[in-house]
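Good morning, and thank you for the time.

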Amino acid sequence: MESKIKVPGQGEKITMQGETLNVPSHPIIPFVEGDGTGRDIWRASVRVLDAAVEKAYGGEKKIEWMEVYAGEKANEVYGEAIWLPDETVQAFKDYLVGIKGPLTTPVGGGIRSINVALRQELDLYACVRPVQYFQGVPSPVKRPEDIDMVIFRENTEDIYAGIEFKDGTPERDRLRDFLMNELGVNKIRFPDTTGLGVKTVSKEGTERLVRAAIQYAIDNGRKSVALVHKGNIMKFTEGSFRDWGYDLAKREFGGKEIDGGPWLELPNGIVIKDVIADNFLQQILLRPTDYDVVATLNLNGDYLSDALAAQVGGIGIAPGANINYKTGHAIFEATHGTAPKYADKDVINPSSVILSGEMMLRHLGWNEAADLILKALDKTIQDKTVTYDFARDMEGATQVKTSEFADNIIANMDSVK
Ligand SMILES: NC(=O)C1=CN([C@@H]2O[C@H](COP(=O)(O)OP(=O)(O)OC[C@H]3O[C@@H](n4cnc5c(N)ncnc54)[C@H](OP(=O)(O)O)[C@@H]3O)[C@@H](O)[C@H]2O)C=CC1
Ligand SMILES: O=C(O)CCC(=O)C(=O)O
Ligand SMILES: [Mg+2]
(Lines give C-alpha, C1' and ligand atoms only; values in the text may rest on other atoms or scores of the structure.)
(Ligands and ions follow the chains in the order given, each with its own letter.)
Protein backbone atom coordinates (compact mmCIF):
# COMPACT_ATOMS: atom_id res chain seq x y z
CA MET A 1 0.00 0.00 0.00
CA GLU A 2 1.21 3.51 -0.87
CA SER A 3 2.49 5.45 2.14
CA LYS A 4 0.28 8.28 3.33
CA ILE A 5 2.84 9.68 5.74
CA LYS A 6 4.74 12.76 4.57
CA VAL A 7 8.15 12.79 6.20
CA PRO A 8 9.21 16.43 6.82
CA GLY A 9 11.97 17.68 4.49
CA GLN A 10 13.95 18.87 7.50
CA GLY A 11 14.75 17.38 10.87
CA GLU A 12 16.27 14.21 12.26
CA LYS A 13 15.24 11.16 14.20
CA ILE A 14 15.54 10.98 17.97
CA THR A 15 17.73 7.99 18.82
CA MET A 16 18.71 6.03 21.90
CA GLN A 17 22.34 5.84 23.03
CA GLY A 18 22.56 3.19 25.72
CA GLU A 19 19.76 4.21 28.04
CA THR A 20 19.87 7.90 27.10
CA LEU A 21 17.85 9.74 24.47
CA ASN A 22 19.84 11.54 21.83
CA VAL A 23 17.68 14.51 20.81
CA PRO A 24 18.66 16.59 17.75
CA SER A 25 17.81 20.29 17.70
CA HIS A 26 15.15 19.64 15.01
CA PRO A 27 13.60 16.28 16.00
CA ILE A 28 10.92 14.75 13.80
CA ILE A 29 7.99 13.89 16.05
CA PRO A 30 5.00 11.85 14.84
CA PHE A 31 1.56 12.90 16.04
CA VAL A 32 -1.99 11.57 15.80
CA GLU A 33 -4.57 14.34 15.88
CA GLY A 34 -7.25 12.15 17.47
CA ASP A 35 -10.99 11.65 17.02
CA GLY A 36 -13.82 13.90 18.23
CA THR A 37 -12.51 16.83 20.25
CA GLY A 38 -8.98 15.65 19.41
CA ARG A 39 -9.10 17.86 16.32
CA ASP A 40 -9.79 21.12 18.18
CA ILE A 41 -7.43 20.20 20.98
CA TRP A 42 -4.53 19.29 18.73
CA ARG A 43 -4.89 22.46 16.62
CA ALA A 44 -4.65 24.55 19.79
CA SER A 45 -1.98 22.48 21.54
CA VAL A 46 0.51 22.35 18.69
CA ARG A 47 0.54 26.16 18.53
CA VAL A 48 1.32 26.35 22.26
CA LEU A 49 4.10 23.76 22.02
CA ASP A 50 5.70 25.46 19.01
CA ALA A 51 5.48 28.90 20.61
CA ALA A 52 7.09 27.65 23.82
CA VAL A 53 10.00 26.11 21.92
CA GLU A 54 10.43 29.21 19.75
CA LYS A 55 10.34 31.59 22.72
CA ALA A 56 12.62 29.42 24.86
CA TYR A 57 15.31 28.79 22.23
CA GLY A 58 14.93 31.66 19.76
CA GLY A 59 14.80 29.38 16.71
CA GLU A 60 17.75 27.16 17.67
CA LYS A 61 15.41 24.27 18.38
CA LYS A 62 12.22 23.34 16.58
CA ILE A 63 9.97 20.31 16.40
CA GLU A 64 9.36 19.00 12.87
CA TRP A 65 5.88 17.52 13.18
CA MET A 66 4.95 14.47 11.11
CA GLU A 67 1.29 13.52 10.96
CA VAL A 68 0.52 9.82 11.23
CA TYR A 69 -2.97 8.39 11.17
CA ALA A 70 -5.12 6.29 13.46
CA GLY A 71 -8.81 6.00 14.27
CA GLU A 72 -11.48 7.71 12.17
CA LYS A 73 -8.98 9.83 10.24
CA ALA A 74 -7.07 6.69 9.20
CA ASN A 75 -10.33 5.41 7.66
CA GLU A 76 -10.63 8.66 5.67
CA VAL A 77 -7.01 8.85 4.58
CA TYR A 78 -6.60 5.18 3.64
CA GLY A 79 -10.09 4.99 2.14
CA GLU A 80 -11.13 1.81 3.95
CA ALA A 81 -11.73 0.49 7.44
CA ILE A 82 -8.13 0.72 8.58
CA TRP A 83 -7.96 1.90 12.19
CA LEU A 84 -4.30 1.50 13.02
CA PRO A 85 -2.16 1.32 9.87
CA ASP A 86 1.09 -0.64 10.10
CA GLU A 87 3.02 2.42 8.96
CA THR A 88 1.70 4.42 11.92
CA VAL A 89 2.96 1.81 14.36
CA GLN A 90 6.25 1.68 12.44
CA ALA A 91 6.63 5.46 12.57
CA PHE A 92 6.17 5.50 16.36
CA LYS A 93 8.76 2.71 16.54
CA ASP A 94 11.26 4.43 14.25
CA TYR A 95 10.98 7.96 15.64
CA LEU A 96 10.86 6.84 19.32
CA VAL A 97 8.89 9.76 20.77
CA GLY A 98 5.39 10.75 19.69
CA ILE A 99 2.19 12.36 20.87
CA LYS A 100 -1.45 11.54 20.22
CA GLY A 101 -4.96 12.79 20.75
CA PRO A 102 -7.76 10.55 22.04
CA LEU A 103 -9.24 7.80 19.86
CA THR A 104 -12.76 6.40 20.01
CA THR A 105 -13.44 2.86 21.23
CA PRO A 106 -17.00 1.54 20.85
CA VAL A 107 -18.65 -0.03 23.91
CA GLY A 108 -19.49 -3.73 23.68
CA GLY A 109 -18.77 -4.89 20.13
CA GLY A 110 -16.74 -3.30 17.36
CA ILE A 111 -13.03 -2.69 17.22
CA ARG A 112 -10.82 -3.11 20.25
CA SER A 113 -9.09 -0.03 21.63
CA ILE A 114 -6.49 1.47 19.29
CA ASN A 115 -5.05 3.29 22.29
CA VAL A 116 -4.45 0.01 24.07
CA ALA A 117 -3.16 -1.60 20.86
CA LEU A 118 -0.50 1.11 20.46
CA ARG A 119 0.65 0.63 24.05
CA GLN A 120 0.88 -3.11 23.50
CA GLU A 121 2.58 -2.90 20.08
CA LEU A 122 5.32 -0.62 21.44
CA ASP A 123 5.40 -2.33 24.84
CA LEU A 124 4.87 1.05 26.55
CA TYR A 125 4.61 -0.53 29.96
CA ALA A 126 4.38 2.54 32.17
CA CYS A 127 1.44 4.92 31.92
CA VAL A 128 2.62 7.93 33.89
CA ARG A 129 -0.11 10.37 34.93
CA PRO A 130 0.87 13.27 37.20
CA VAL A 131 -1.96 14.85 39.18
CA GLN A 132 -1.15 18.38 40.27
CA TYR A 133 -3.23 21.37 41.21
CA PHE A 134 -3.10 24.72 39.43
CA GLN A 135 -4.10 27.54 41.75
CA GLY A 136 -7.57 28.87 40.99
CA VAL A 137 -8.94 25.82 39.16
CA PRO A 138 -12.40 24.99 40.54
CA SER A 139 -12.36 21.71 42.45
CA PRO A 140 -14.98 19.67 44.32
CA VAL A 141 -12.68 19.17 47.33
CA LYS A 142 -11.77 21.58 50.14
CA ARG A 143 -7.99 21.54 49.74
CA PRO A 144 -7.09 20.54 46.18
CA GLU A 145 -3.63 22.02 46.73
CA ASP A 146 -2.90 18.99 48.98
CA ILE A 147 -2.99 16.71 45.95
CA ASP A 148 0.34 16.12 44.29
CA MET A 149 0.61 12.56 43.04
CA VAL A 150 2.09 10.72 40.10
CA ILE A 151 0.32 7.55 39.02
CA PHE A 152 2.36 4.76 37.46
CA ARG A 153 -0.22 2.50 35.86
CA GLU A 154 0.87 -0.83 34.43
CA ASN A 155 -0.04 -0.52 30.78
CA THR A 156 0.32 -3.88 29.05
CA GLU A 157 -1.33 -6.55 31.24
CA ASP A 158 -4.42 -7.10 33.41
CA ILE A 159 -8.03 -7.47 32.34
CA TYR A 160 -7.61 -4.29 30.24
CA ALA A 161 -5.59 -6.31 27.72
CA GLY A 162 -8.86 -7.59 26.28
CA ILE A 163 -8.67 -11.39 26.48
CA GLU A 164 -12.42 -11.94 26.50
CA PHE A 165 -14.91 -14.43 25.15
CA LYS A 166 -18.50 -13.45 24.44
CA ASP A 167 -21.44 -15.44 25.75
CA GLY A 168 -22.83 -17.92 23.25
CA THR A 169 -19.55 -18.40 21.33
CA PRO A 170 -17.74 -21.74 20.95
CA GLU A 171 -14.60 -20.20 22.49
CA ARG A 172 -16.52 -19.22 25.61
CA ASP A 173 -17.98 -22.74 25.77
CA ARG A 174 -14.53 -24.32 25.56
CA LEU A 175 -13.05 -22.05 28.21
CA ARG A 176 -16.01 -22.56 30.55
CA ASP A 177 -15.88 -26.32 30.08
CA PHE A 178 -12.15 -26.30 30.67
CA LEU A 179 -12.58 -24.32 33.89
CA MET A 180 -15.36 -26.59 35.14
CA ASN A 181 -14.12 -29.98 33.97
CA GLU A 182 -10.34 -29.65 34.06
CA LEU A 183 -9.79 -27.13 36.84
CA GLY A 184 -12.73 -27.99 39.06
CA VAL A 185 -14.27 -24.53 39.08
CA ASN A 186 -17.78 -25.50 40.11
CA LYS A 187 -18.68 -23.43 43.14
CA ILE A 188 -19.94 -20.41 41.20
CA ARG A 189 -22.87 -19.82 38.91
CA PHE A 190 -21.91 -20.34 35.25
CA PRO A 191 -25.15 -19.74 33.33
CA ASP A 192 -25.03 -20.05 29.57
CA THR A 193 -25.17 -16.27 29.29
CA THR A 194 -21.78 -15.87 30.98
CA GLY A 195 -19.08 -13.88 29.20
CA LEU A 196 -15.52 -14.69 30.28
CA GLY A 197 -12.44 -12.49 30.63
CA VAL A 198 -8.88 -13.36 31.58
CA LYS A 199 -6.75 -11.26 33.92
CA THR A 200 -2.99 -11.56 33.38
CA VAL A 201 -0.40 -10.17 35.79
CA SER A 202 3.22 -11.26 35.60
CA LYS A 203 6.22 -10.84 37.85
CA GLU A 204 8.24 -9.26 35.01
CA GLY A 205 5.42 -6.87 34.16
CA THR A 206 5.00 -5.88 37.79
CA GLU A 207 8.69 -5.47 38.45
CA ARG A 208 9.45 -3.19 35.55
CA LEU A 209 6.50 -0.94 36.46
CA VAL A 210 7.33 -0.80 40.17
CA ARG A 211 11.01 -0.27 39.36
CA ALA A 212 10.10 2.74 37.18
CA ALA A 213 7.89 4.16 39.94
CA ILE A 214 10.55 3.81 42.64
CA GLN A 215 13.24 5.22 40.36
CA TYR A 216 10.97 8.18 39.61
CA ALA A 217 10.44 8.74 43.35
CA ILE A 218 14.22 8.68 43.93
CA ASP A 219 15.02 10.97 41.00
CA ASN A 220 12.35 13.48 41.96
CA GLY A 221 12.80 13.57 45.73
CA ARG A 222 9.34 12.12 46.48
CA LYS A 223 8.30 10.81 49.90
CA SER A 224 6.61 7.48 49.20
CA VAL A 225 5.52 4.90 46.66
CA ALA A 226 2.15 3.26 47.33
CA LEU A 227 1.33 -0.09 45.71
CA VAL A 228 -2.43 0.08 45.10
CA HIS A 229 -4.13 -3.28 44.57
CA LYS A 230 -7.13 -5.45 45.34
CA GLY A 231 -4.96 -8.33 46.49
CA ASN A 232 -7.28 -9.49 49.24
CA ILE A 233 -9.74 -10.68 46.58
CA MET A 234 -7.57 -11.30 43.49
CA LYS A 235 -4.75 -13.03 45.32
CA PHE A 236 -2.57 -14.33 42.52
CA THR A 237 -2.80 -11.29 40.29
CA GLU A 238 -3.25 -8.14 42.41
CA GLY A 239 -1.95 -9.82 45.58
CA SER A 240 1.14 -11.00 43.74
CA PHE A 241 1.59 -7.49 42.34
CA ARG A 242 1.91 -6.26 45.92
CA ASP A 243 4.29 -9.05 46.99
CA TRP A 244 6.50 -8.76 43.93
CA GLY A 245 6.59 -4.99 44.39
CA TYR A 246 7.79 -5.26 47.98
CA ASP A 247 10.33 -7.96 47.04
CA LEU A 248 11.74 -5.77 44.30
CA ALA A 249 12.01 -2.76 46.63
CA LYS A 250 14.01 -4.90 49.08
CA ARG A 251 16.19 -6.60 46.49
CA GLU A 252 17.03 -3.73 44.16
CA PHE A 253 16.56 -0.63 46.29
CA GLY A 254 17.66 -1.78 49.77
CA GLY A 255 14.19 -1.50 51.35
CA LYS A 256 14.10 -2.44 55.06
CA GLU A 257 10.92 -3.40 56.91
CA ILE A 258 9.35 -0.76 59.15
CA ASP A 259 8.13 -2.28 62.47
CA GLY A 260 8.18 -5.82 61.06
CA GLY A 261 6.68 -4.86 57.68
CA PRO A 262 5.14 -5.04 55.23
CA TRP A 263 5.92 -1.34 54.73
CA LEU A 264 9.53 -0.61 53.82
CA GLU A 265 11.90 2.30 54.07
CA LEU A 266 14.58 2.84 51.43
CA PRO A 267 18.04 4.13 52.48
CA ASN A 268 17.06 7.65 51.30
CA GLY A 269 13.93 7.66 53.49
CA ILE A 270 11.35 6.90 50.78
CA VAL A 271 8.57 4.74 52.20
CA ILE A 272 7.18 1.86 50.15
CA LYS A 273 3.68 1.02 51.30
CA ASP A 274 0.56 -0.67 49.99
CA VAL A 275 -3.13 0.00 50.20
CA ILE A 276 -6.21 -1.85 49.01
CA ALA A 277 -7.81 -0.01 46.11
CA ASP A 278 -11.26 0.73 47.60
CA ASN A 279 -9.67 2.12 50.75
CA PHE A 280 -7.29 4.17 48.58
CA LEU A 281 -10.27 5.78 46.85
CA GLN A 282 -11.65 7.06 50.14
CA GLN A 283 -8.27 8.06 51.54
CA ILE A 284 -7.37 10.23 48.56
CA LEU A 285 -10.45 12.29 49.37
CA LEU A 286 -9.87 12.42 53.13
CA ARG A 287 -6.06 12.44 53.44
CA PRO A 288 -4.44 13.00 50.04
CA THR A 289 -1.16 14.16 51.61
CA ASP A 290 -0.53 10.53 52.65
CA TYR A 291 0.05 9.66 48.99
CA ASP A 292 2.72 10.68 46.55
CA VAL A 293 3.90 8.25 43.83
CA VAL A 294 1.36 5.49 43.15
CA ALA A 295 2.13 2.19 41.40
CA THR A 296 -0.89 0.18 40.35
CA LEU A 297 -2.34 -2.30 37.88
CA ASN A 298 -3.87 -1.38 34.55
CA LEU A 299 -7.59 -1.25 35.33
CA ASN A 300 -7.13 0.28 38.78
CA GLY A 301 -4.89 2.90 37.20
CA ASP A 302 -7.54 3.73 34.64
CA TYR A 303 -10.16 4.36 37.33
CA LEU A 304 -7.82 6.11 39.73
CA SER A 305 -6.46 8.53 37.16
CA ASP A 306 -9.90 9.91 36.26
CA ALA A 307 -10.95 10.04 39.95
CA LEU A 308 -7.81 11.90 41.00
CA ALA A 309 -8.03 14.21 38.00
CA ALA A 310 -11.52 15.22 39.18
CA GLN A 311 -10.09 16.32 42.51
CA VAL A 312 -7.82 18.87 40.82
CA GLY A 313 -10.44 20.15 38.39
CA GLY A 314 -11.23 17.37 35.94
CA ILE A 315 -9.80 15.37 33.09
CA GLY A 316 -9.55 18.53 31.00
CA ILE A 317 -6.27 19.17 32.82
CA ALA A 318 -4.94 15.61 33.24
CA PRO A 319 -1.88 14.76 31.14
CA GLY A 320 -0.07 11.49 30.64
CA ALA A 321 2.71 9.54 28.99
CA ASN A 322 3.09 5.92 27.92
CA ILE A 323 6.74 4.96 28.26
CA ASN A 324 9.12 2.05 27.81
CA TYR A 325 12.18 3.17 29.79
CA LYS A 326 14.40 0.48 28.23
CA THR A 327 13.79 1.11 24.54
CA GLY A 328 13.11 4.84 24.88
CA HIS A 329 9.75 4.57 23.11
CA ALA A 330 7.18 7.01 24.45
CA ILE A 331 3.78 8.26 23.33
CA PHE A 332 2.34 11.20 25.22
CA GLU A 333 -1.44 11.50 25.52
CA ALA A 334 -4.13 13.03 27.69
CA THR A 335 -6.01 10.99 30.30
CA HIS A 336 -9.39 11.86 28.78
CA GLY A 337 -11.18 10.52 25.72
CA THR A 338 -12.78 12.04 22.65
CA ALA A 339 -15.67 13.79 24.49
CA PRO A 340 -17.70 13.50 21.25
CA LYS A 341 -20.55 15.86 22.21
CA TYR A 342 -18.09 18.77 22.08
CA ALA A 343 -16.36 17.73 18.82
CA ASP A 344 -15.53 20.58 16.40
CA LYS A 345 -17.24 23.21 18.60
CA ASP A 346 -13.94 24.84 19.67
CA VAL A 347 -15.01 24.77 23.33
CA ILE A 348 -13.10 21.93 24.97
CA ASN A 349 -10.19 22.42 27.37
CA PRO A 350 -6.89 21.66 25.59
CA SER A 351 -4.82 21.68 28.82
CA SER A 352 -4.44 17.90 29.07
CA VAL A 353 -2.76 17.62 25.68
CA ILE A 354 -0.79 20.83 26.24
CA LEU A 355 0.47 19.39 29.54
CA SER A 356 1.16 16.04 27.87
CA GLY A 357 3.28 18.06 25.43
CA GLU A 358 4.93 19.75 28.40
CA MET A 359 5.83 16.28 29.73
CA MET A 360 7.17 15.38 26.30
CA LEU A 361 9.40 18.48 26.17
CA ARG A 362 10.77 17.60 29.62
CA HIS A 363 11.35 14.02 28.43
CA LEU A 364 13.44 15.49 25.58
CA GLY A 365 15.38 17.58 28.10
CA TRP A 366 13.82 20.81 26.78
CA ASN A 367 13.00 22.01 30.29
CA GLU A 368 13.06 25.74 29.47
CA ALA A 369 10.19 25.33 27.00
CA ALA A 370 8.34 23.04 29.42
CA ASP A 371 8.69 25.56 32.27
CA LEU A 372 7.39 28.32 30.01
CA ILE A 373 4.23 26.32 29.31
CA LEU A 374 3.60 25.66 33.00
CA LYS A 375 4.04 29.32 33.94
CA ALA A 376 1.94 30.65 31.05
CA LEU A 377 -0.85 28.15 31.71
CA ASP A 378 -0.80 29.07 35.39
CA LYS A 379 -1.12 32.78 34.52
CA THR A 380 -3.94 32.11 32.06
CA ILE A 381 -5.89 30.31 34.78
CA GLN A 382 -5.12 33.10 37.30
CA ASP A 383 -6.49 35.60 34.75
CA LYS A 384 -9.73 33.56 34.78
CA THR A 385 -9.88 33.35 31.00
CA VAL A 386 -10.78 29.69 30.80
CA THR A 387 -12.76 27.11 28.82
CA TYR A 388 -16.32 26.07 29.74
CA ASP A 389 -15.32 23.30 32.15
CA PHE A 390 -13.51 25.69 34.49
CA ALA A 391 -15.74 28.71 33.76
CA ARG A 392 -18.89 26.94 34.95
CA ASP A 393 -17.58 26.80 38.53
CA MET A 394 -15.18 29.75 38.63
CA GLU A 395 -16.53 33.03 39.96
CA GLY A 396 -15.83 36.03 37.71
CA ALA A 397 -14.45 33.90 34.88
CA THR A 398 -14.54 34.80 31.21
CA GLN A 399 -15.36 31.73 29.15
CA VAL A 400 -13.13 31.43 26.09
CA LYS A 401 -12.90 29.02 23.18
CA THR A 402 -10.28 26.29 22.87
CA SER A 403 -8.40 28.35 20.30
CA GLU A 404 -8.62 31.55 22.39
CA PHE A 405 -7.36 29.71 25.47
CA ALA A 406 -4.30 28.69 23.44
CA ASP A 407 -3.88 32.30 22.18
CA ASN A 408 -3.91 33.52 25.79
CA ILE A 409 -1.32 30.97 26.91
CA ILE A 410 0.95 32.01 24.05
CA ALA A 411 0.47 35.70 24.80
CA ASN A 412 1.22 35.11 28.48
CA MET A 413 4.54 33.42 27.66
CA ASP A 414 6.16 36.82 27.14
CA SER A 415 5.12 38.17 30.54
CA VAL A 416 6.13 35.08 32.54
CA LYS A 417 9.46 34.46 30.78
N1 LIG B 1 -6.63 7.51 25.51
C2 LIG B 1 -7.72 7.66 24.81
O3 LIG B 1 -7.68 7.90 23.62
C4 LIG B 1 -9.04 7.53 25.49
C5 LIG B 1 -10.15 7.31 24.72
N6 LIG B 1 -11.37 7.21 25.31
C7 LIG B 1 -12.52 7.02 24.41
O8 LIG B 1 -13.21 8.28 24.27
C9 LIG B 1 -14.59 8.04 24.00
C10 LIG B 1 -15.48 8.87 24.93
O11 LIG B 1 -15.29 8.42 26.26
P12 LIG B 1 -16.00 9.03 27.55
O13 LIG B 1 -16.16 7.95 28.51
O14 LIG B 1 -17.16 9.85 27.16
O15 LIG B 1 -14.88 9.93 28.24
P16 LIG B 1 -14.26 11.32 27.81
O17 LIG B 1 -13.00 11.44 28.59
O18 LIG B 1 -14.15 11.47 26.35
O19 LIG B 1 -15.31 12.43 28.30
C20 LIG B 1 -16.02 12.35 29.50
C21 LIG B 1 -16.34 13.72 30.03
O22 LIG B 1 -15.14 14.29 30.57
C23 LIG B 1 -15.10 15.68 30.33
N24 LIG B 1 -13.97 15.97 29.44
C25 LIG B 1 -13.29 15.11 28.64
N26 LIG B 1 -12.31 15.75 28.00
C27 LIG B 1 -12.35 17.02 28.41
C28 LIG B 1 -11.58 18.17 28.09
N29 LIG B 1 -10.56 18.13 27.25
N30 LIG B 1 -11.92 19.33 28.68
C31 LIG B 1 -12.96 19.39 29.55
N32 LIG B 1 -13.72 18.36 29.88
C33 LIG B 1 -13.39 17.17 29.32
C34 LIG B 1 -16.44 16.04 29.70
O35 LIG B 1 -17.30 16.30 30.83
P36 LIG B 1 -18.60 17.23 30.83
O37 LIG B 1 -19.65 16.43 30.11
O38 LIG B 1 -18.90 17.37 32.28
O39 LIG B 1 -18.29 18.52 30.18
C40 LIG B 1 -16.80 14.75 29.00
O41 LIG B 1 -18.17 14.63 28.73
C42 LIG B 1 -14.81 6.54 24.16
O43 LIG B 1 -14.83 5.98 22.88
C44 LIG B 1 -13.59 6.08 24.94
O45 LIG B 1 -13.27 4.74 24.68
C46 LIG B 1 -11.55 7.39 26.66
C47 LIG B 1 -10.47 7.61 27.47
C48 LIG B 1 -9.12 7.68 26.95
O1 LIG C 1 -8.81 3.12 24.89
C2 LIG C 1 -9.83 3.66 25.30
O3 LIG C 1 -10.78 3.91 24.57
C4 LIG C 1 -9.92 4.09 26.73
C5 LIG C 1 -8.57 4.30 27.33
C6 LIG C 1 -8.63 4.90 28.68
O7 LIG C 1 -9.65 5.09 29.30
C8 LIG C 1 -7.37 5.33 29.28
O9 LIG C 1 -6.31 5.10 28.72
O10 LIG C 1 -7.40 5.92 30.37
MG1 LIG D 1 -9.32 6.07 31.17
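This is a predicted model: local features need pLDDT of at least 70, side-chain atom pairs count only at pLDDT 80 or more; totals for chains, interfaces and linings use all residues.

Is Arg129 buried or exposed? Arg129 counts as buried, because 28 C-beta neighbours lie inside 10 Å, and the threshold for that label is 20 or more. Setting aside neighbours within four places in sequence, Arg129 is in contact with Ile151, Arg153, Ser305, Ala318, Gly320 and Thr335.

Under "binding site", an unreviewed UniProt entry lists Ser113, Asn115, Arg119, Arg129 and Arg153. One of these, Arg119, belongs to helix H4, residues 114-121. Arg119 is buried, since 24 other C-beta atoms lie within 10 Å. Apart from residues up to four places away in sequence, Arg119 touches Leu124, Asn155, Thr156 and Asn322.

I turn now to the ligands. Which residues are around ligand 2? They are Thr105, Ser113, Asn115, Val116, Asp302, Thr335 and Gly337. By class, this shell holds 1 nonpolar, 5 polar and 1 charged residue. Ser113 and Asn115 of this shell are also among the positions that the UniProt entry lists under "binding site". Ligand 1 is surrounded by 17 residues, of which the closest are Pro102, Thr105, Gly316, Gly337 and Asn349. The shell of ligand 1 divides into 5 nonpolar, 10 polar and 2 charged residues.

Next, the overall arrangement. The domain assignment gives domain 1 (1-136 + 317-416), domain 2 (139-154 + 200-312) and domain 3 (164-197). The C-alpha centres of domain 1 and domain 2 are 26 Å apart. To their contact, domain 1 brings 13 residues and domain 2 brings 20 residues. The side of domain 1 that touches domain 2 has 10 nonpolar, 2 polar and 1 charged residues.

The largest nonpolar core has 112 residues, and Val48, Ala52, Phe152, Ala213 and Val294 touch the most other members. Helix H1, residues 38-57, gives the most to this core, namely 10 residues. Because domain 1 and domain 2 both give residues to this core, it lies between them. As for Ala52, its contacts beyond four places in sequence are Ala369, Leu372, Ile373 and Met413.

Finally, a contrasting position. The unreviewed UniProt entry lists Lys142 as "modified residue: N6-acetyllysine". Lys142 is found in the loop between strand E6 (126-132) and strand E7 (148-154). Lys142 is exposed, because 8 other C-beta atoms lie within 10 Å, and the limit for that label is 12 or fewer.

Notes
Residues are numbered from 1 along each chain as its sequence is written. Chains are lettered from A and ligands numbered from 1 in the order in which they are written. A residue is near a molecule or strand if its C-beta atom, placed from the backbone, lies within 6 Å of it. Ala, Val, Leu, Ile, Met, Phe, Trp, Tyr, Cys and Pro count as nonpolar, Asp, Glu, Lys and Arg as charged, and the others, Gly among them, as polar. UniProt positions are given in the numbering used here, feature names are shortened, and annotations may be inferred rather than shown by experiment. Helices (H or I, at least four residues) and strands (E, at least two) are DSSP runs, numbered from the N terminus. Domain bounds come from an automatic or database domain assignment. Two residues are in contact if their C-beta atoms, placed from the backbone, lie within 7 Å. A nonpolar core is a set of buried Ala, Val, Leu, Ile, Met, Phe, Trp, Tyr and Cys residues joined through C-beta atoms within 7 Å.
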